[in-house]
Amino acid sequence: MTNVGTLATKPLFGLPLAELWFALLFFIFGMFLFLDGFDFGVGVLFATRTDDHEKEQLLAAVGPFWDGNEVWLVVFGGALFAAFPSAYANLFSRYYLLMFAILAALGLRGLAPEMYEEREDDHWKTLWGYAFVIGSTGTPFLLGLFVMNWLVGATGLITPVGVLGGVTVLVLTIVDGAAFLGLKTRGRLRDEMRKYGVRAAVGYLGGAVITLGAIYVTEPGLRSSFRSPLIVALVMLTATLTGIYVVALRRRRYYAAFAATAALVFGLVGLVATLLFPFVDRTAGLTIREAIISTLPLNLMSIMASVLLPIVLVYFVVLYSAFSGPIDMEETYQ
């Protein structure tokens, strides 16, 4: 039996907990990017609609989900702080303006639909419709900027690789949103979203290739990582999944397209994590094992995570099961 003395001196069951928490950290971020990603994508696609009823359809599609999906971002921040506090402090102090910008964009994205429904005035709806699009566009772009800056160890806020990564993540959310709307809408609206999804998928593949090329050119220290079999496999998988997504949408197999989107998101997150490993903060030269907390709190936290994380996952299964299927044609956001 594991006693307190053992918990304080040895990793739980002899597991490589530092590496497992690093993997868990990026799994959590992947969950956020996938689940809230379709919310962002729907918000961007909202800009393509001129018909008020179609706008209401898009808002109704994401209404039950978006606030719950944001939980994963909170969990990501909490996990980073709990497991790698020195990296958390470095990242949030180095990119604090970027963090505030992300929070502002998230706040705008969340506030806009609520305000949009408060009045029937055309000018009011136009104003908050623009706010919804801006918040939905700005958040994934800024998140991509943050992640790519984190990956390459940039000390500035705006970098070429960061901007390319931001655009790539933004386009990926459109891919995600179009697949989600394929599941939630019907008729002409669904057909138009399918076309946007196909275009976005091609754009995402191009953006991913250009971003990786920029990293290879501008970051000599990462060039050897590109020869890793895992990196090569992830790149090839991304190209394959993009093809599967396009074919699935064209054949109206929306569940397959949505599953391909999930794999694309986690493939991107896995690619970033693999390139970053073994560092958790490249700028400060902090490796995973150097930044991880001491053994006792790490063991206790691992026990708590093994209990709480499955509960959270079950909650999301129940939530998505309860609101599965296409929305009613007359359904609105409220």
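Helices α10 and α12 cross in a left-handed manner, meaning that the near helix is turned anticlockwise from the far one by less than a right angle. Helices here are DSSP runs of H or I with at least four residues, numbered from the N terminus. The model is predicted, so local features need pLDDT of at least 70 and side-chain atom pairs count only at pLDDT 80 or more, while totals for chains, interfaces and linings use all residues. Residues are numbered from 1 along each chain as its sequence is written, and side-chain values use heavy atoms, without hydrogens or water.

The axes of α10 (residues 187–218) and α12 (residues 254–276) come within 13 Å and cross at roughly 20°; they are lines fitted to C-alpha atoms over the stretch in contact, with angles from 0 to 180 degrees between N-to-C directions. The two helices are therefore roughly parallel, a term for angles under 35 degrees. Contacts (heavy atoms within 4.5 Å) involve Arg190, Arg194, Tyr204 and Leu212 in α10, and Tyr254, Leu264, Leu268, Leu271 and Leu275 in α12.

An unreviewed UniProt entry annotates transmembrane regions, among them residues 230–248 and 255–280; such annotations may be inferred rather than shown by experiment. Residues 230–248 are 100% helix, with end C-alpha atoms 26 Å apart. Residues 255–280 are 85% helix and 8% strand (E runs of at least two residues), and their end C-alpha atoms lie 35 Å apart.

The largest nonpolar core has 114 residues: buried (under 20% relative accessible area, 1.4 Å probe, protein chains only) Ala, Val, Leu, Ile, Met, Phe, Trp, Tyr and Cys joined through side-chain atoms within 4.5 Å. Its largest share, 19 residues, comes from helix α2 (residues 17–45). Trp21 is one of the members that touch the most others.

Notes. Buried < 20%, exposed > 50% of the residue type's maximum accessible area, 1.4 Å probe, protein only. Parallel < 35°, antiparallel > 145°, perpendicular 65-115°, else oblique.
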